[in-house]
Amino acid sequence: MSKENQYQPETNAVRIQTARTNEMEHSTPLFLTSSFCFDNAEEMRATFADETDFNIYSRFSNPNVDEFVQKMCALEGAEAGYATASGMSAIFASFMALLKAGDHVLSARSIFGSTHTVITKFLPKWGIESSYFDLNDPAGIEAMIKPNTRMIFVETPSNPGLEIIDIALLAEIANKHNIILNVDNCFATPVLQRPIEAGAHIVTHSATKWIDGQGRVLGGAIVGKKELIKEIYTFCRSTGPAMSPFNAWVLSKSLETLHVRMERHSDSALKLAQALEGNPHLTSVKYPFLTSHPQYEIARKQMSGGGGIVCFELKGGLQSGVRFLNGLKLLSLTANLGDSRSIASHPASTTHAKLSDAEKATVGITPGLIRISVGLENINDILADIEQALNLSSQG
Ligand SMILES: *Cc1c(COP(=O)(O)O)cnc(C)c1O
């Protein structure tokens with residue numbers, strides 16, 4: 001790498017770059033190669049013996065992937081990192097590399113659906129048990145720690161409920177009991193929240209969302225303490241969830257604009273949330289930087305912006321949700337979030353439709369819950385589309 005981690009975060013996100021090749025390129029080239037050559041047998045031997053840091057094979061390392069990882073480490077203030085093919089492979093690798101049979105994971109109940117599946121369906125197959133705590137009851141967490149608790153896992157803000165927990169408080173509990181604190185920082189991104197500064201030991205990411213920011217590629221990252229990342233690297237190097245060089249090239253370019261984008265996403269999302277508060281078709285609006293958010297004080301303490309997701313509850317429940325989606329003209333109906341294009345989703349009729357009403361309630365999915373991922377279109381166009389669809393939502 002040609003630049004050290006020596007500037008402000010937004011400068012590092014632009015300027016950390018692979019060393020210039022003999023072609024004197026300005027922008028990082030794409031190193032679309034599965035393996036790397038050696039000049040002679042001795043160099044090859046030394047590299048395999050870890051005596052050099054040359055690349056061997058793109059499952060282990062690749063210049064494009066390294067550039068992306070170095071930027072992520074600089075942004076998160078982390079010692080080391082590894083990039084994976086998706087957010088789920090990052091989360092899965094963080095569990096598999098750091099937990100063993102007999103261990104216990106203490107996780108927030110409000111977590112991404114696939115993470116919930118990994119914790120409840122797959123971890124038990126390897127003898128790893130888990131329990132869920134309520135994000136709204138931080139005082140109860142410490143009492144749930146068992147002698148075999150090895151990791152606390154949390155998502156803040158949570159998807160889709162936008163619940164928030166005090167990372168510094170969790171870190172204090174984790175350190176007292178010698179437990180790893182693993183924070184999924186997907187919704188805030190390192191631009192708005194730096195969990196490692198608050199005491200988290202590792203941070204996991206879906207780079208597919210805000211980091212890509214344009215709905216193009218999948219990716220994930222794990223950053224944090226050197227000794228923990230070393231375990232994760234050893235696991236990934238052998239099991240193969242590596243990020244592709246092409247995706248790393250795309251995502252590293254995306255990081256150059258992440259600060260500018262997150263500022264605009266947060267700005268527009270706050271405007272949308274404020275404009276919708278009091279709308280006659282809604283019973284509530286949820287956004288971390290609305291003073292009505294139950295954890296507003298914590299959000300202001302640990303986030304520098306509220307992020308790009310706004311949630312609201314339609315008065316008419318499930319059928320209103322369906323009519324609202326059908327009434328949208330500008331916003332996209334799609335499973336992704338964190339895109340330049342605004343997206344609407346209705347968890348009760350889609351992602352969470354298979355859950356019973358009781359199960360939905362425990363993870364905060366109400367029948368009329370709508371999640372908006374606020375894009376980069378003009379906020380007046382976004383707001384006008386949502387308002388006209390809200391008018392249609394109540395005409396059943
Ligand atoms: C999407 C998402 C993931 C999973 O990421 P993929 O890149 O889709 O595998 C994990 N956590 C959160 C909070 C997410 O929103």
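Visitor: Where does Glu197 lie?
Guide: Glu197 is in the loop between helix 7 (189-192) and strand 6 (202-206). Helices (H or I, at least four residues) and strands (E, at least two) are DSSP runs, numbered from the N terminus. This is a predicted model, where local features need pLDDT of at least 70, side-chain atom pairs count only at pLDDT 80 or more, and totals for chains, interfaces and linings use all residues. Residues are numbered from 1 along each chain as its sequence is written, and side-chain values use heavy atoms, with hydrogens and water left out.

Visitor: Is Glu197 buried or exposed?
Guide: Glu197 counts as exposed, at 58% relative accessibility. Buried means under 20% relative accessible area, exposed over 50%, partly exposed in between (1.4 Å probe, protein chains only).

Visitor: Switching topic: how many residues of strand 2 are buried?
Guide: Five of the five in strand 2 (residues 104-108), so the strand is largely enclosed by the rest of the structure.

Visitor: Which residues sit on which side of strand 2?
Guide: His104, Leu106 and Ala108 are on one side, Val105 and Ser107 on the other. In a regular strand, side chains alternate between the two faces of the sheet.

Visitor: OK, how many bridges join strand 2 to strand 3?
Guide: Five, and strand 2 runs parallel to strand 3 (residues 129-133). Two strands pair if DSSP finds at least two bridges between them. Ala108, for one, has Phe133 in strand 3 as its bridge partner.

Visitor: What about strand 4?
Guide: Four bridges join strand 2 to strand 4 (residues 149-155), again in parallel. There, Ser107 has Phe153 as its bridge partner.

Visitor: Now Val285, where is that found?
Guide: In strand 8 (residues 282-286). Val285 is buried, with a relative accessible area of 13%.

Visitor: What is Val285 in contact with, leaving aside neighbours within four places in sequence?
Guide: Its contacts (heavy atoms within 4.5 Å) are Ala273, Leu276, Glu277, Leu290, Ser292, Val310, Cys311 and Phe312.

Visitor: How far is Gly375 from Val285 in space?
Guide: The two are 18 Å apart, C-alpha to C-alpha, and 90 residues apart in sequence.

Visitor: Last one: where is Phe246 placed?
Guide: Phe246 is in helix 9 (residues 245-256). Phe246 is partly exposed, with a relative accessible area of 39%.
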